[in-house]
Amino acid sequence: MKLWRYIAKRLLQTVPLLIIVSLISFFIIRLSPIDPLAELRLNPSISQETLDKEIKRLNLDKPIGIQYLSWAKAFIKGDFGYTSAGEKVSTKLKERIPNTLLLTLVVIFMTWSVGIPLGIISAYKKESAFDRLLTVTASIGMAIPSFFFAILMLIFAVKTGWFPVGGLTSYNFNDMSFGNKCVDIIKHLVLPSFVLFTISLSGLQRQMRANMLEVMDSDYIKFARAKGLSEFKVVFKHALRNAVNPMITLLGFEFAGLLSGAALTEYVFQYPGLGRLILEAVMKSDINLVMASLMMGTIMLITGNLIADILLMITDPRIRGVNNGIV
Amino acid sequence: MKRVLFWIAVILIFGLCLKGCVKKDIPEKYSENILSGNIENILYPDKNKNVEINGVEYLQSQAPVGKFGGQIVVSAIGEGPKTFNPCNTKDATSASMAGLLYDGLLTTEPVTGEVIPLLAKSFEIRGNEYVIYLRKGIKWTDGTPITAEDVIYTYKDIVYAGLGNTATRDAMMIKGKLPELLKLDDYTIKFITPEPFAPFLRQLTYPIVPKHYFKPYSDKGDSVFNAFLNPDTPPKQIVSSGAFKLKEYVPAQRVVFERNSDYYKVNLDNKKLPYLDKLIYLIVGDTNNEILKFEAGEIDVLSLRGSNVARYKIKEANSNYKIYNLGADNGTLFLVINLGNRKNKEGKWNVSPIKQNWFRNRDFRTAVDWAVDRDGMIKNIAQGVAEPLFTAEGLSSIYLNKEIKGHPKDKNVSKASLEKAGFKLDNGILYDNKGNRVEFDLYTNAGSIDRESIGVMIKQDLEELGMKVNFKPIEFNSLVNKLSNTQDWDMAIMGLTGSPLEPHDGKNVWMSNGPLHLFNQRPQNYQKDDRFDWEIELDNIFEEGALKLSYKDRKPIYDKYQTIIYNEKPIIYLYSPIRITAIRKKIQNIFPSKLSGLLYNIDEIYVEKEEDK
């Protein structure tokens, strides 16, 4: 019961947050000197009349406050409006969301299933050769900018011919059998997910190592060891349980990054994901598209945090015990 | 000691590896033939003929007979098409893709640039009457015949009604009137223009659309019509007439076209074209990605620029592609000077009066022009793959004024004309006749490496004259906003696209009330007549030029407009890149043309199959 009240309270708190986020982002975009019609204006064959029609269609002739209100009214009704090119924002998003989800889920699955064990091992075998090797590789992974690494990978693909150069599917994808389709997608996914994997793995692995080290140093672990428990029990039953709590909070943030985390990599790999769409939309001040994706990002962030907090309540009895102690 | 030796060895090995990676400069001797691959000596096939087979009036291609089947993959840079509605395209990608789906009555001869029949069988011009004869027996992709009804509908209900992109309507408008349109019978129509009007014939290249498919949407007005045929439309529904049908559109990845098996063009064996089964556009975000895709063999055609040309040239001999030089690009790259002398809505000067005195002075502009080092730009920025430009018409335009020879950079001429205008050089600093230091801003759009480099070079050139130039690359959108709305700029480096065939298309730039009259932009509905004498002359030229019909009559008129701009220099032209394109050797029936490029005859192009070699 307490849990439900807590969730309801959190959900209620999101409303003003959403309003503030939308206000700030709307006005920042609209007050930036970006003109959504710039390209049309510089086209010698576009007449003033066509321009006027576009201005009217995009509501650019109205004061900015009115523009915001009409956007907000439509948004509450669930209508995301149209892009500046006249396509429905909702269909545009629907086209891209599955692609981005596919990429980020693959990456998250890979990093977590590799990063956590590596973190545990390197903490347990602190200062060993293996730990040092991991430290070096992690530093490299953290130091390489993602776009640069992505370009390196693209060159690798061109030189070896083992992987396709960007995209998600080959041009004859629709004529393939189901098995070949899967192979095709996997081939396209290897490089972008490898780039994202390498980069987020280092951080995660270091985080896990640090958490684990902290716990391994604490008195109760010493006590458990002194009591004569087996190393396996010490590490997995006592240490891990406590070390993993901060990781759950981290997972909440990862959830928020699900849809927007990989824009640069997507751009370099020409991956048809949401990140690339939003990047292009921001460049053109395509307000409806940008707003829809920003709102989606905010909602994802809030939900992610909420889920993390609920998970924490389940895993950590201390939090459960204290009344409303969660912030 | 051992340790030290070990580290020295490591460093040595590492260094050697690095050295192997460093690319050596391209030897000088290659640079001469960078621009080879010229297309002067190409033998073009005869012009298309009309043939009648079983009562159907086909268009017959005279190109060598090829092999059916296969596909070619090309690239489209950017975000992909925004619509397949040929009446509502506002960007180049959408226009070229919609253009594949829908043919116009007439088309442009790819080599000479004259207007020739396409969907129409033939046409006659009698004074201001244009009679168009349609082909009998040809069909839309759903089997409905193409008749005069469709043509009348396209022009009356879409073009004249102002649906979609109104550029064609504006171009057809003669002194506020649109041409009359009559249906003589099911396969004959007649246009009557209020008076003879040269650009009119070219407007008949406008794509004809099927009435039965478009009418339900065009009846509902602009907003419904604009959304019609957007990229979510299921391809099977689309009724079209072109050589290719839409097969699938995968957002941000590709557009696939397949052969229209009932196209009205046949080859010399009277077999229906096109040869290709599929034409695939891969949507790529930028040119770097395009190059990688070409190298990986994913695309078949690649346009090369600057530094890449030499590299590809060297590799050409042992490769599976051939490089063509298609001549200078028809877009223009220029330095524009703000001659405006107006205040904004708040009553503040767009350009301060001190600067107005400089910019509105022709001698000042002449000094700038003579100081600009075009040859240096071509050498350093375009890597030799460009030609200097001095005219408002692009170098491939059929109306290019060849009398204008241009001039090299000459600081002395600049100094002389500055002196004439009363400017004084003191200690290397230039002052005007009232003692104000000459200092102004130079803008261009950030992100374009070429333009930013040009800006740096121009800044240096002008600072040699003692001017102080604040070079500011800004975001493209903000620059356009400055140029077309706020007008608080001094000089800018910009580029515009242009038509190599019809100088009248430049009227938005050159006529004093045009929405793109960059150098002296007047607000909308501006009443005051504050035109320069030469601006009045330009207005007259563009009005007069459109009313003359033959090329012979029009050429001198448009020659004059280029001379005026060359003399007055509100816009100082810089250079035109040369278009160099690589295409795989397996693609046959390629007859490159300076006007139309490589793939204009996509319905005649075929692929040599690998096993035949």
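Me: Which strands of chain B does helix 16 lie across?
Reply: This is a predicted model. In it, helix 16 (residues 476–486) of chain B lies across strand 20, strand 21 and strand 22 of chain B. Its angle to strand 20 of chain B is about 125°.

Me: What's the strand order in that open sheet of five strands?
Reply: The order is 21-20-22-16-23 in chain B, and the pairing is mixed. Strand 21 (468–474) and strand 23 (571–573) of chain B are the edge strands, each pairing on one side only. From one strand to the next, the twist averages 30°.

Me: How many bridges join strand 16 and strand 22 of chain B?
Reply: Six, in the antiparallel sense. The strands cover residues 332–337 and residues 491–496. B:F334 stands opposite B:M494 in strand 22 of chain B.

Me: Which strands does helix 15 of chain B touch?
Reply: Helix 15 (residues 449–463) of chain B packs on the sheet and touches strand 16, strand 20 (439–445), strand 21 and strand 22 of chain B. Its direction makes about 170° with that of strand 21 of chain B.

Me: Now the open sheet of four strands in chain B. Parallel or antiparallel?
Reply: Antiparallel, in the order 6-7-9-8. Strand 6 (120–126) and strand 8 (180–185) of chain B are at the edges with a single partner strand each, so one side of each has no neighbour in the sheet. Neighbouring strands are turned by 20° against each other on average, direction ignored.

Me: What packs on that sheet?
Reply: Helix 4 (residues 148–160) of chain B does, touching strand 7, strand 8 and strand 9 (188–192) of chain B. It makes about 170° with the direction of strand 8 of chain B.

Me: And what stands opposite B:E124?
Reply: B:V131 in strand 7 of chain B. Strand 6 and strand 7 (residues 129–134) of chain B pair over six bridges.

Me: Switching to chain A. Which residues of helix 7 are buried?
Reply: A:F149, A:A150, A:M153, A:L154 and A:A157. Seen down the axis of helix 7 of chain A, the buried residues fall within an arc of 145°, so they line one face. On the other side, A:F148 and A:K159 are exposed.

Me: What covers the buried residues?
Reply: The cover includes helix 8 (178–217) and helix 12 (263–268) of chain A, together with helix 9 (287–295) of chain B.

Me: What comes just after helix 7 of chain A?
Reply: A:G161, with a positive phi of about 75°.

Me: How far apart are the C-alpha centres of domain 1 and domain 2 of chain A?
Reply: They lie 35 Å apart. The domain assignment gives 3–76 for domain 1 and 98–283 for domain 2.

Note on methods:
Residues are numbered from 1 along each chain as its sequence is written. Chains are lettered from A and ligands numbered from 1 in the order in which they are written. This is a predicted model: local features need pLDDT of at least 70, side-chain atom pairs count only at pLDDT 80 or more; totals for chains, interfaces and linings use all residues. A residue is buried if 20 or more other C-beta atoms lie within 10 Å of its own, exposed if 12 or fewer, and partly exposed in between; C-beta atoms are placed from the backbone. Helices (H or I, at least four residues) and strands (E, at least two) are DSSP runs, numbered from the N terminus. The arc is that of the directions from the helix axis to the C-beta atoms. Two residues are in contact if their C-beta atoms, placed from the backbone, lie within 7 Å. Two strands pair if DSSP finds at least two bridges between them. Axes are lines fitted to C-alpha atoms, for helices over the stretch in contact, and angles run from 0 to 180 degrees between N-to-C directions. Domain bounds come from an automatic or database domain assignment.
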